[in-house]
Amino acid sequence: MIEVKNVSYTYADGTPAVQDVSITFPEQGIFAVMGLSGSGKTTLLNCLARFLFPQEGKILLDGQDILEMEKTAFRQQVGVVFQKLNLFPHLNVLENMMLALERVQGKSKGTAQAEAMDILERLKIAELADNYPAQISGGQAQRAAIARGLALKPKFMLLDEPTSALDAATTSNFAQWLRELQAVTSFIIVTHDLPFAEQAAELGVFMEQGQVRERGRISEVLA
Amino acid sequence: MHHVRIMLTITLAVLAFAGIRPAAAEEEFVTALTGKFPPFSYYDSQGDLAGFDVDMSREIARRINKKSRIIATEWDGILAGLLAHKYDAIIGSMAVTPVRQQSVDFSTPYYHSGAQLFVHRDNPNKVYSISECGGLSIAVVLGETYQHFLEERFPAVKVVTLKSAAEIFAMLEQKRITGFVTDRLVGAWQIKEAGRSFVPVGEMLYKERIGIAVRKDTPGLLRQINTALAAMEDDGTMQRIHQRYFGLAKTDSSALGKMQPSVIAAKLLKGFAVSLGIAVASILLGFILALPCGLLLTFQRGSLKLVHFLVRGIVDFIRGTPVLIQLLFVWLGLGLSPFPAAILTLGICAMAYMAEVIRAGLMSVDPGQDLAARALGLSSLDRFRFVVWPQAFRIAIPPLMNCVVSLLKDTALVSIISIPELIREAQSIISVTFQPRLYYLIAGLLFFAVTFPLMKLSSRLEKNIQAKGFSHD
């Protein structure tokens with residue numbers, strides 16, 4: 001469980017991006033943080049990912065302040081997939097996944113390869129293993145980036161605008177695919193794509209001007 | 001005047017610094033000449049140094065009980081080399097002049113000659129003396145006494161300065177200049193031995209006494225040389241050597257146009273091997289230095305800011321100054337031997353250009369790549385090693401190849417510090433075969449044989465890199 005408690009973040013130029021936000025992300029399921037551009041949702045994601053440090057409030061992971069956690073331990077529990085995906089272009093999909101297994105978790109090449117392959121199979125994208133990022137489609141790259149994040153078996157995966165590069169049909173498939181993955185990990189999706197949020201998530205919040213305006217079941221939030 | 005004083009101070013400082021360096025090994029008598037001034041110095045049919053000055057050097061060394069070692073170097077840097085202790089004396093047909101006497105001492109003259117104007121046999125400009133040459137192009141070798149003489153006494157003459165006599169002869173054969181001024185004996189020898197279509201016109205411009213130049217701090221050596229010269233005059237040795245090259249009979253010394261093809265090929269290949277060797281060593285040195293420098297250039301903020309500015313200053317300075325000046329500074333100013341000087345200079349020069357390329361490569365990697373690696377928990381070293389560097393390097397490969405190609409071509413400059421690389425070997429062959437077109441073409445083709453595959457490889461790598469999506473938007 002991730003608890004965001006009265007978190008505020010103001011940029012160096014004085015712009016308040018997140019103001020007194022409190023959200024509880026449950027252990028299981030898909031949670032959507034929705035809002036228009038400039039609503040503060042990406043800043044919140046950066047705080048959740050420990051790329052930004054809130055000036056006020058706390059973020060707790062299973063009761064522990066994430067800023068007090070050991071960095072590598074935290075990274076292994078909370079994965080991030082960026083809007084631009086940032087797959088490593090010089091490595092194929094399998095190698096993209098193996099890098100952290102070998103270098104962060106210290107696994108042997110053989111073990112890393114077997115674990116990564118196992119995840120690709122569970123995600124039904126084993127055929128992408130040998131492909132380089134430039135050789136696959138936007139939808140496939142989105143799945144590959146999630147697979148890379150899942151390799152470390154995190155408790156939570158943060159997805160930043162996952163549908164920004166997908167067309168409507170692919171988006172629908174992708175939402176379905178995510179729902180099947182709920183058993184593997186919990187997702188926190190930051191998105192302005194409300195139809196997608198509705199297809200993928202059960203719970204969510206709607207942010208505006210750095211504050212949470214609505215919260216609850218998606219259907220209620222968007223009603 | 002102020003500038004002159006500054007220049008003088010810098011020169012003295014450089015020379016003082018160079019003076020700390022030990023001179024050549026004691027038992028050797030190291031002398032310098034150009035090797036491109038037949039019949040005084042040239043390469044014979046076997047590719048060995050020969051000529052009047054060469055014989056003089058060896059005879060004097062024998063008489064002062066030292067081992068003769070002769071260095072072939074460029075005329076325009078020959079005095080500076082002597083002052084920087086690169087050799088003990090210049091036995092290279094150097095005329096005694098008051099200006100030169102200010103910086104070096106001369107032996108008693110070992111021959112007398114004079115400056116003579118030569119024109120093409122067809123004499124298209126119809127000139128019969130130097131005073132009729134106003135506005136016409138008259139060539140001399142850069143740094144020769146003739147240059148100063150013409151500029152002072154005949155300012156109307158358009159003085160063209162070239163690197164060697166061989167180039168001047170070729171220019172006149174092609175009638176691209178009206179004539180040239182050189183030593184009377186040198187010109188006469190060209191007409192006699194090479195069947196040149198030149199003729200001497202007018203009186204000798206002036207007479208010259210030719211002496212052996214030594215540093216002012218070696219009066220003992222000067223005494224020994226003068227004693228040897230006097231003895232050679234007395235016992236007829238001098239006359240015999242003179243006869244060998246300037247006798248009425250055509251020189252039999254296999255000099256002219258008879259350099260054997262195998263010798264020519266060996267000289268060219270040896271020269272090219274020297275060029276390639278220097279290039280490879282410099283590129284390796286440059287690349288090893290460029291890695292940390294390129295990385296430092298990306299740190300514009302933070303704790304390494306000072307180091308960044310230092311490296312930035314060095315890189316800018318090196319990229320902003322001619323390689324030739326750097327080369328002369330390291331060779332004469334820092335007193336390094338020719339090969340270390342060449343490799344160090346070209347290596348550091350390569351470093352400056354490669355560091356920029358590596359910096360650009362690192363900067364062109366999307367910052368999101370580093371962020372993604374951070375999100376996976378990779379340490380900063382691992383992020384650089386496995387994520388940022390492999391991408392930066394792939395992006396940098398094509399421009400790095402360009403650096404390699406241009407450095408390879410820059411090796412042609414090291415002839416100025418007396419390294420027998422390809423261009424110098426080609427010039428020494430041309431000075432006795434008189435075929436500049438052929439041998440410059442061969443030298444060019446040798447370079448091209450190496451640079452062309454490199455350029456092809458570079459463009460192929462570039463295509464591969466683009467196909468893999470390394471160029472970021």
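## A walk through a predicted two-chain model

Helix H10 of chain B, residues 261-298, contains 38 residues and spans 53 Å from its first C-alpha to its last, close to the 56 Å expected at 1.5 Å a residue; that expected span is 1.5 Å times one less than the number of residues. Helices (H or I, at least four residues) and strands (E, at least two) are here DSSP runs, numbered from the N terminus. At B:Ala290, H10(B) bends by about 35°, and a proline, B:Pro292, follows within four residues, the bend being the angle between axes fitted to the seven residues ending at a residue and the seven starting there.

This is a predicted model, in which local features need pLDDT of at least 70 and side-chain atom pairs count only at pLDDT 80 or more, while totals for chains, interfaces and linings use all residues. Residues are numbered from 1 along each chain as its sequence is written, and chains are lettered from A and ligands numbered from 1 in the order in which they are written.

The predictor's confidence in each residue, pLDDT, runs from 0 to 100. Chain A averages a pLDDT of 91, with 100% of the residues scoring at least 70, whereas chain B has a mean of 86, with 91% of its residues at 70 or more. Within chain B, confidence is lowest in helix H1 (residues 2-19), at a mean of 44, and highest in strand E6 (residues 104-106), at 95. Over residues 6-25 of chain B the pLDDT is below 50, and this stretch has 18 contacts in the model beyond near neighbours in sequence; two residues are in contact if their C-beta atoms, placed from the backbone, lie within 7 Å. The pLDDT also stays under 50 over residues 250-257 of chain B. For the model as a whole, the scores are ipTM 0.91 and pTM 0.73.

Chain B has 17 helices and 11 strands, and its C-alpha atoms fill a box of roughly 90 × 50 × 45 Å, taken along the principal axes. Of its 473 residues, 42% are buried; a residue is buried if 20 or more other C-beta atoms lie within 10 Å of its own, exposed if 12 or fewer, and partly exposed in between, with C-beta atoms placed from the backbone.

The interior can be followed through its nonpolar cores, each a set of buried Ala, Val, Leu, Ile, Met, Phe, Trp, Tyr and Cys residues joined through C-beta atoms within 7 Å. The largest has 122 residues, and those with the most contacts inside it are A:Leu158, A:Ile189 and B:Met354. Helix H13 of chain B (residues 338-363) gives the most to this core, with 15 residues. Not counting residues up to four places away in sequence, B:Met354 touches B:Gly286, B:Phe287, B:Ala290, B:Leu400 and B:Cys403. Apart from this core lies another, of 72 residues, among them B:Ala61, B:Ile90, B:Cys133 and B:Val157.

Helix H2 of chain B, residues 52-63, is largely enclosed by the rest of the structure, because nine of its 12 residues are buried. Those buried residues include B:Phe52, B:Asp53, B:Glu59 and B:Ala61, and what covers them includes strands E1 (28-33) and E5 (89-95) and helices H8 (219-234) and H9 (237-246) of chain B. Just after H2(B), B:Asn65 takes a positive phi of about 60°.

Where the two chains meet, the contact takes 17 residues from chain B and 20 residues from chain A. On the side of chain B that touches chain A, helix H14 (367-375) and helix H15 (380-410) each supply at least two residues, with the largest share, six residues, coming from H15(B). By class, this side of chain B has nine nonpolar, five polar and three charged residues, where Ala, Val, Leu, Ile, Met, Phe, Trp, Tyr, Cys and Pro count as nonpolar, Asp, Glu, Lys and Arg as charged, and the others, Gly among them, as polar.

Some backbone details remain. Most residues other than glycine have a negative phi, and most peptide bonds are trans. The peptide bond from B:Pro38 to B:Pro39 is cis, with omega near 5°, and B:Pro39 lies in the loop between E1 and strand E2 (42-43) of chain B. In chain A, A:Asn6 has a positive phi of about 50° and lies in strand E1 (residues 2-10), where A:Asn6 is exposed, with 12 other C-beta atoms within 10 Å.
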